[in-house]
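Work through these exercises with the sequence and the model side by side. Try each task before reading its solution.

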Amino acid sequence: MPIPNDAAGREAYELDRAHVFHSWSAQKALEPMVIAGGEGSYLWDADGKRYLDFSSQLVYTNVGHQHPKVVKAIQEQAATLATIAPAHANDKRSKAAKLITDLAPEGMNKVFFTNGGAESIENAIRMARLHTGRTKVMSQYRSYHGSTATAIQVTGDPRRFPNEFVPAGTVHFFGPFLYRSVFNATTEQEECDRALEHLEQMITFEGPGTIASIVLETVPGTSGIMPPPPGYLAGVRELCDRFGIVMICDEVMAGFGRTGAWFAIDHYGITPDLITFAKGVNSGYVPMGGVIIRDEIAATFDERAFPGGLTYSGHPLAAAAAVATIEAMHEEQVVENAARLGAEVFGPALREMAQRHPSVGDVRGLGVFWALDLVKDRETKEPLAPYGGAAPAVTGVLGAAKEAGLLLFNQFHRIHLCPPCNLSDEEAREGLAILDEALSVADAAYEGVREVVAA
């Protein structure tokens, strides 16, 4: 039962159920776990049970829980200047902007701060529309960009369906994904070429002169952690240049070390026009997001006011946390650690695991950003859970892992492994061993399907 034995924990649970309205949920079905504390890669509940956090919550605690340098920075900033309006300059906000733009490609020297990823997408699209004088936005079906008005409609997954009540001028297209190719491709090169041909046709049929921007997650996250094939992002960049379209790379989930690089675009050698970020910029300790702006687009608003703003844009506490996070990641070589873990620990272990678990149809990822695609049948690739839905076998894997002390991220038929970027090798192997055992639940469902088919 999720109701804690601990009296304080039980009170927290009861007050939550009485008064908190949770996101993305039917409220009566909820039984939230009460978290009492955390440190590093671990959390513990109100009754003291410890969990290894392979979800990084919603994939944002890139330097783990309660990093002492980040906590200290927030405490010191709160004692000095807890808040200030965005119209004023502030030392931490200024330094955060400098540190962030130093990580971006050359020619991207300005940051517009927001409170999170969805607001970053909203404002990036607004900039693109004002810069081009066009309205349409193109994005991939397998994507998630946030839940605000435009961001949710740019999103490709089923959460957009009940939110499509306000016209947003969005058009969706298929991105490359060889494992579930819609282009009948058999190689990464074929998938890349055909996906780019498809996108060019979509641009042509929609009217290049009507399209303000193409928005894509550099490495799609919630929708399946699908690193694009070599050449794809460069091809999108060429199409944007040819047709005068603003290229927006969504790095909200993939940025700040998650893929083993500061930004996922670093793996592909491209420079977008706008980069959206949030989450890992300060490990989510205080809400912050933003848009990194290419100089040519920033210049659009040199003499013309940008018609947007947020009360807490560049909040001092969030900015101080961002400064401390980025500095700690440099000092402690956190990004390098994530890259090494991906290449030497997660990649090899998960691929070996897939050989022993028939329910694992595909393994893919970079750094500390991995997905297992669970299937009913490896030959047909039928997902273990339906698109937009859940299945007892997947829920069983999550439950078995949680019982053994491992928290995982899940979407439909996929298990995502997204631990902190400063995870140790020992912690990585501990979590992988628990996952290995938990996958037996999915294997049982796989074998049950095969027995039914055989009968």
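A crossing is left-handed if the near helix is turned anticlockwise from the far one by less than a right angle, and right-handed if clockwise. The model is predicted: local features need pLDDT of at least 70, side-chain atom pairs count only at pLDDT 80 or more, and totals for chains, interfaces and linings use all residues. Numbering starts from 1 along each chain as its sequence is written, and side-chain values use heavy atoms, leaving out hydrogens and water.

**Exercise 1.** Describe how helix H7 and helix H8 pack.

Step 1. Find the helices: H7 covers residues 188-206 and H8 covers residues 232-243. Helices are DSSP runs (H or I, at least four residues) and strands likewise (E, at least two), numbered from the N terminus.

Step 2. Take the angle, about 20°, and the axis separation, 10 Å. Axes are lines fitted to C-alpha atoms, for helices over the stretch in contact; angles run from 0 to 180 degrees between N-to-C directions.

Step 3. Classify. H7 and H8 are therefore roughly parallel. The classes are roughly parallel under 35 degrees, roughly antiparallel over 145, roughly perpendicular from 65 to 115, and oblique for the rest.

Step 4. List the contact (heavy atoms within 4.5 Å). H7 gives Cys192, Ala195, Leu196, Leu199, Glu200 and Ile203; H8 gives Tyr232, Gly235, Val236, Leu239, Arg242 and Phe243.

**Exercise 2.** Which class of angle do H3 and H10 form?

Step 1. H3 spans residues 68-80, and H10 spans residues 316-331.

Step 2. H3 and H10 pack at about 150°, with axes 8 Å apart.

Step 3. H3 and H10 are therefore roughly antiparallel. Their crossing is right-handed.

**Exercise 3.** Now describe how H4 packs with H10.

Step 1. H4 is residues 91-103; its angle to H10 is about 40°, and the axes lie 8 Å apart.

Step 2. That makes H4 oblique to H10.

Step 3. The crossing of H4 and H10 is left-handed.

**Exercise 4.** Is Ser139 buried or exposed?

Step 1. Locate Ser139 in strand S5, residues 136-140.

Step 2. Ser139 has a relative accessible area of 0%, so Ser139 is buried. Buried means under 20%, exposed over 50%, and partly exposed in between (1.4 Å probe, protein chains only).

Step 3. Check its neighbours. Not counting residues up to four places away in sequence, Ser139 touches His145, Val154, Val171, His172, Phe173 and Val215.

Step 4. Look at Val154 again: its backbone oxygen lies 2.6 Å from a polar atom of the Ser139 side chain.

Definitions and conventions:
A polar contact is a pair of N or O atoms within 3.5 Å; within protein, one must be able to donate a hydrogen and the other to accept it, and residues adjacent in sequence count only if both atoms are side-chain atoms.
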